[in-house]
Amino acid sequence: MKLKSMNKANYTRDVPPDRLELLSELSSRDAVKVMVVGGLDTGKSTLVTFLANELLNLGRSVAIVDSDVGQKGVLPPATVSLAFPDENFSSLSELKGAAHYFIGTVSPGQFIGEMAVGVKRLVEIAEKNADVVLIDTTGFVTGPGFEMKRLKAELVRPDITVVLERNDELLALSRVLGNYTQIVRLSMSESARPVPREERREIRFEKWRTYFSSSRLVEFDTAEVAVTGTLLFNGRPLDERERTLLSRVFRWLLLAGWENEGRYTVVKADEDSFPRGYRSVHAVDFEKLNNLLVGLIDKNGLCIGLGILKWVNFSSGLLQVLTPLSDEDVSEVAEVRFGRMRVLETGEELGLLRRDEI
Ligand SMILES: Nc1ncnc2c1ncn2[C@@H]1O[C@H](COP(=O)(O)OP(=O)(O)O)[C@@H](O)[C@H]1O
Ligand SMILES: [Mg+2]
């Protein structure tokens, strides 16, 4: 894969004239928070890149919150990231993140809470350190995506929300967001082009590969770090007798289990054994945890970096995680948060999990 195709949005001054009006509006304010909303490939990241560069040239300090988890510029994928560009750049992917919030998937439909909290927290840091805050978002604007934009607008209260449209497809969303923020509706650049799904995946593939390129295995002890974002490791661990009983009843090879108010969550090794379980027993196949994306989280709830879960030893409580983080960074990890996709360090995405699956 050519490096050029690793980023789809680049700095260009070849923009429709209404962008210049927007720019002069933004540059006339001392401090301003702008969220950019629009469907897939409507030119959101290109607009953010344009505005950031032009505002930097005007001597303004700029923060970018990249929340397009499906197609991020700032590494790593599957997080929301904050960056402070201090000189001109041609693509968001050149920027080094200053802080990240873990989402754990590239498809945030079931994670709108995490998305809203992540954007809010990073915007708070951004506002303290820059005059202009630019928020790039996912192209996910219907169904849960519609609600996600509303929650973000309610929490963050952008001064201006730029809505990029092909036709008038975001009229209803603009009306709702208009209760929380000033709306500026712009039409798409003639040069914006749809990027095929396969190309999108290839771009992500390259980003995963780059991020994990110099990783090593690190061990986390669940007695020392919290395990979050999952039903597992949660509640009262089952004792030997209960595990034996459940194994016999369901004919599972049971690796671990927890009880929460009469509901059991268990991890089993044999994939297809019948029956699947009862309403009060939720069984997770061990295979689902293999190569699971995890967030390595600091004491402040921010994401220091990503890892890939390679092995869980339930009897010793040790997690083996592949990560590019340094020893120093690893020592700051207070929480291992489970994501909902499986991925390889080579870049291959093995698949998404449902939120309630693990
Ligand atoms: N003003 C523009 N000039 C040239 N190409 C553009 C422009 N706006 C968008 N594009 C192209 O259209 C595609 C989608 O734009 P992008 O900014 O990545 O959209 P989004 O972030 O909304 O998904 C990219 O290939 C990008 O280079
Ligand atoms: Mg984008």
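1. Helices (H or I, at least four residues) and strands (E, at least two) are DSSP runs, and they are numbered from the N terminus. This is a predicted model, in which local features need pLDDT of at least 70 and side-chain atom pairs count only at pLDDT 80 or more, while totals for chains, interfaces and linings use all residues. Residues are numbered from 1 along each chain as its sequence is written, and chains are lettered from A and ligands numbered from 1 in the order in which they are written.

2. Asp41 is found in the loop between S1 and H2, and its phi is positive, at about 55°, although Asp41 is not a glycine. A residue is called buried if 20 or more other C-beta atoms lie within 10 Å of its own, exposed if 12 or fewer do, and partly exposed in between, with the C-beta atoms placed from the backbone. Asp41 counts as buried because it has 21 C-beta neighbours inside 10 Å.

3. Asn291 also deserves a look, for it too has a positive phi, of about 65°, without being a glycine. Asn291 lies in the loop between strand S13 (281-285) and strand S14 (292-297), and it counts as partly exposed because 19 C-beta neighbours are found inside 10 Å.

4. Another backbone feature to check is the peptide bond from Leu75 to Pro76, which is cis, with omega near -5°. Pro76 lies in the loop between S2 and S3.

5. Helix H1 (residues 18-27) and helix H2 (residues 44-57) have axes that come within 11 Å and cross at roughly 50°; here axes are lines fitted to C-alpha atoms, for helices over the stretch in contact, and angles run from 0 to 180 degrees between N-to-C directions. That angle makes H1 oblique to H2, given that angles under 35 degrees count as roughly parallel, over 145 as roughly antiparallel, 65 to 115 as roughly perpendicular and the rest as oblique. On the side of H1, the contact is made by Arg19, Leu23, Leu26 and Ser27, and on the side of H2 by Leu47, Phe50, Leu51, Glu54 and Leu55, where two residues are in contact if their C-beta atoms, placed from the backbone, lie within 7 Å.

6. Val36 lies in strand S1, and it is buried because 25 other C-beta atoms are within 10 Å. Leaving aside neighbours within four places in sequence, Val36 is in contact with Lys44, Leu47, Val48, Ile135, Asp136, Thr137, Val162 and Leu164.

7. Helix H3 (residues 112-129) has 18 residues and reaches 26 Å from its first C-alpha to its last, which is close to the 26 Å expected at 1.5 Å a residue; the expected span is 1.5 Å times one less than the number of residues. The buried residues of H3 are Glu114, Met115, Ala116, Gly118, Val119, Leu122, Val123 and Ala126. What covers these buried residues includes strands S1 (32-38), S2 (62-66), S3 (79-83), S4 (99-102) and S5 (132-136), together with helix H4 (144-156).

8. Ser247 has its place in helix H7 (residues 240-250), and it counts as partly exposed because it has 16 C-beta neighbours inside 10 Å. Apart from neighbours within four places in sequence, Ser247 is in contact with Trp252, Leu253 and Leu254. Ser247 and Thr323 are 76 residues apart in sequence and 34 Å apart in space, C-alpha to C-alpha.
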